[in-house]
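I opened a new page for this protein.

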Amino acid sequence: MVTTPTLTLIVAALVPRLGIGHQGGLPWKLKQEMKYFRQVTSQASKPGHSNAVIMGRKTWESIPTKFRPLPNRINVILTRTGTDALQGADGAALVAHSIDDALLQLQGKLVDKIFIIGGAEIYNSVIKDARTTRVLLTEVHAEGAVEMDTFLDFPWFNEENAGWARAPRTALQSYIGPEIVLPEQDISEGSFVYNYSLFERQE
Ligand SMILES: NC(=O)c1ccc[n+]([C@@H]2O[C@H](COP(=O)([O-])OP(=O)(O)OC[C@H]3O[C@@H](n4cnc5c(N)ncnc54)[C@H](OP(=O)(O)O)[C@@H]3O)[C@@H](O)[C@H]2O)c1
């Protein structure tokens with residue numbers, strides 16, 4: 001039986017404005033959040049399978065060369081134009097020209113979860129795709145102003161009954177798996193305080 005894959009967005013955003021980036025990079029360095037991202041996106045629940053991470057070309061380029069491709073995950077880069085340059089430079093990632101193309105290239109591979117890992121252009125289009133059923137959102141709060149120039153366009157986040165709902169913590173734990181321990185309290189790093197949430201598309 002062929003099943004339609006579901007997509008999960010994973011993103012850290014300053015709430016409530018949902019800022020996610022500054023000058024091509026992240027507006028913060030949150031070590032535990034990076035560990036959570038690595039664990040959640042790496043941990044496949046089916047034996048012998050890997051998860052896939054799909055990202056825009058600019059997000060790929062924002063990852064330092066020595067850290068890419070992201071290990072233990074199938075990396076897919078979305079670009080409308082840059083196939084030759086990307087393949088020539090890196091080779092270790094799939095290059096796709098649309099989400100459908102990415103999913104087509106993943107067909108036939110032993111893929112468990114498929115994560116969309118940014119950036120803004122990709123998040124803001126894929127959130128409208130009915131195959132996107134979950135958003136793993138790290139809700140970041142800051143003391144004082146944070147410089148940001150890149151934002152999520154998720155109007156439902158600040159509205160009620162807009163097609164998405166916050167899931168209970170048990171649902172988040174069940175989705176990420178028992179190996180990953182959720183913090184009992186908000187995490188504090190420098191001037192930032194954050195915690196992990198799951199939002200689910202409503203039928
Ligand atoms: N806070 C977080 O969790 C988080 C996570 C990830 C990224 N970010 C931040 O987000 C920012 C980058 O976001 P961004 O919007 O500038 O760039 P992006 O979404 O990473 O990449 C945009 C590029 O992706 C390609 N693309 C977009 N839509 C496509 C489609 N439908 N089909 C094929 N290719 C497509 C195009 O590449 P070509 O130009 O090559 O055609 C486009 O220029 C950075 O500041 C980064 O640090 C934050």
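Before listing rings, I note the rule: rings of Phe, Tyr and Trp (its six-membered ring) pair if their centres lie within 6.5 Å. The model I am reading is predicted.

Entry 1, aromatic rings. I found 8 aromatic pairs in the structure. I looked up Trp-156 and Trp-164, and their pair is stacked, with 5.0 Å centre to centre and 20 degrees between the planes. Both Trp-156 and Trp-164 are buried.

I then turned to Phe-157 and Phe-199, which make an edge-to-face pair at 5.7 Å centre to centre, with 65 degrees between the planes. This pair links distant parts of the chain, as Phe-157 sits in the loop between strand 8 (150-151) and strand 9 (164-166), while Phe-199 belongs to strand 11 (residues 192-201), 42 residues apart.

Buried or exposed, I asked of Phe-157? Buried means under 20% relative accessible area, so Phe-157 is buried at 14%. Phe-199 has 6% and therefore counts as buried too.

I wrote down one aromatic cluster, formed by Phe-154, Trp-156, Phe-157, Trp-164 and Phe-199.

I located Lys-113 over the face of Tyr-175, 4.4 Å from the ring centre.

I recorded 6 helices and 11 strands. The C-alpha trace spans about 45 × 40 × 30 Å along its principal axes. A compact globule of 203 residues would have a radius of gyration near 17 Å, so the 16 Å of this protein agrees. Of the 203 residues, 47% are buried. The protein exposes about 11200 Å², and carbon and sulfur atoms supply 51% of that area.

Note on methods: Residues are numbered from 1 along each chain as its sequence is written. This is a predicted model: local features need pLDDT of at least 70, side-chain atom pairs count only at pLDDT 80 or more; totals for chains, interfaces and linings use all residues. Side-chain values use heavy atoms; hydrogens and water are left out. Rings of Phe, Tyr and Trp (its six-membered ring) pair if their centres lie within 6.5 Å; planes under 30 degrees apart count as stacked, over 60 as edge-to-face and the rest as tilted. Buried means under 20% relative accessible area, exposed over 50%, partly exposed in between (1.4 Å probe, protein chains only). Helices (H or I, at least four residues) and strands (E, at least two) are DSSP runs, numbered from the N terminus. A charge sits over a ring if NZ of Lys or CZ of Arg is within 6 Å of the ring centre and within 35 degrees of the ring normal. The radius of gyration is taken over C-alpha atoms; the globule rule is 2.2 Å times the number of residues to the power 0.38. Accessible areas come from the Shrake-Rupley method with a 1.4 Å probe; for residues, only the protein chains shown count as cover.
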